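Please open the structure in the viewer and keep the selection tool at hand.

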Amino acid sequence: LIGISAALILGLYQTRDVWGAKLRAPFDWRKWLGRVIPLTLGLGTFQFIFSVDMIIVRALFGEHQTGYYSFSGMIGRGLVMFTAPLVAVMFPKVVQSAVQKQKTNLLFLTLISTAILGAIAATFCTLTCKFMIYALHNPEQVKGFIPEPILQVILKHPEVITSIGTMIPWFVWCMLPLSLANVLLNNLLARMEYRVVSYLIVLVALYATVEVIFGSSFIRVIQILGIFNLLYLIILAIFTKIAKAGIPQNISTILTIS
């Protein structure tokens with residue numbers, strides 16, 4: 001509450017000239033809503049598929065059984081947040097290039113950078129988990145490689161190490177497509193290509209339904225998440241290709257979004 005309130009106060013202070021303006025101009029609410037609603041829904045589909053699995057898992061398995069899943073999910077979602085700053089930097093630059101009708105390879109560079117960083121992070125998490133499980137079953141072989149206190153923690157909590165060591169690799173690799181999809185989504189929305197939004201809404205609704213029906217175990221839930229993250233990425237890739245090959249939409253008012 002304190003953090004969000006501080007951010008809100010800072011935002012209000014930085015825009016005080018706008019709030020205190022005496023002059024008023026006519027405002028086209030219909031056109032504004034026509035842009036902000038699909039933008040909100042489009043970004044909302046990402047937030048939905050990014051986080052709703054935790055709610056579903058707690059509903060299916062109960063809050064007292066989901067601690068290991070919650071921890072593993074935090075690591076998996078951390079991979080997406082790890083690459084999110086690249087997207088945050090890309091969005092206004094795409095808006096600027098669209099307004100000025102400049103050709104740029106910014107999308108390609110952001111996509112490649114996200115893929116490389118995400119793959120490195122996922123590989124690191126996977127190798128770390130494999131090493132912890134190996135240390136659990138072969139403590140004598142790793143005594144010279146990790147500090148004794150850490151080894152003792154591993155040996156004292158075999159169930160924890162086995163559970164999170166199994167789920168985290170699944171989670172990080174299943175979330176990697178979502179990191180890439182986030183790049184394509186923001187690129188399309190920055191260019192006011194809203195045609196994809198309705199398809200994404202249908203997809204995430206289908207995802208939640210499939211999770212509830214077929215999420216029989218933690219690993220199965222993660223696997224379903226990975227499948228739909230991949231489908232999410234594919235749909236965005238298709239519409240990115242369509243937008244690139246088709247007639248560009250009117251972008252004269254795109255600065256309103258940024």
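Accessible areas come from the Shrake-Rupley method with a 1.4 Å probe. On that basis the protein chain exposes about 15,500 Å², and carbon and sulfur atoms supply 70% of this area. The model on display is predicted.

**The whole chain**

Begin with the protein chain in a cartoon view. Its secondary structure consists of nine helices and zero strands, so that, in sequence order, the pattern reads α-α-α-α-α-α-α-α-α. The C-alpha trace spans about 75 × 40 × 35 Å along its principal axes. Of the 258 residues, 40% count as buried. Contacts between residues at least 6 apart in sequence may be examined next: 82% of them join residues at least 24 apart.

**Helix α3 and T45**

Select residues 29-61, which make up helix α3, and find T45 within this helix. Is T45 buried or exposed? With a relative accessible area of 3%, T45 is buried, because buried means under 20%. Leaving aside residues up to four places away in sequence, T45 touches L200, I201, V204 and Y232.

**The largest nonpolar core**

Next, select I49, Y69, V196, Y232 and L236. The largest nonpolar core has 52 residues, and these five touch the most other members. At least two residues of this core come from each of α3, α4 (67-99), α7 (158-190), α8 (197-214) and α9 (218-245). Which helix supplies the largest share of this core? That helix is α7, with 13 residues.

Centre the view on V196. Its contacts, not counting residues up to four places away in sequence, are L188, I235, L236 and F239.

**Aromatic rings**

Show the rings of the aromatic residues. The count comes to nine aromatic pairs. One of them joins Y199 and F239: their ring centres are 5.1 Å apart and the planes stand at 50 degrees, a tilted arrangement. Y199 lies in helix α8 and F239 in helix α9, so the pair ties together parts that are 40 residues apart in sequence. The two partners can also be viewed by accessibility. Y199 has 48% relative accessibility and counts as partly exposed, whereas F239 is buried, with a relative accessible area of 14%.

Then select F61, Y69, F171 and F218, which form one aromatic cluster. Y69 was already selected at the nonpolar core, as one of the residues that touch the most other members.

**Helix α9 and N229**

For the last stop, select N229, which is found in helix α9. How is N229 classed by its relative accessibility? At 0%, N229 counts as buried. Displaying its surroundings brings up I49, C174, M175, P177 and L178, all touched by N229 when residues up to four places away in sequence are not counted. Among these neighbours, I49 belongs to the largest nonpolar core.

Terms used:
Residues numbered from 1 in each chain as written. Predicted model: local features only at pLDDT ≥ 70, side-chain atom pairs only at ≥ 80, totals over all residues. Heavy atoms only, no water. Helix = DSSP H or I, 4+ residues; strand = E, 2+ residues; numbered from the N terminus. Buried < 20%, exposed > 50% of the residue type's maximum accessible area, 1.4 Å probe, protein only. Contact = heavy atoms within 4.5 Å. Core = buried A, V, L, I, M, F, W, Y, C linked by side-chain atoms within 4.5 Å. Phe/Tyr/Trp six-rings, centres within 6.5 Å; stacked < 30°, edge-to-face > 60°.
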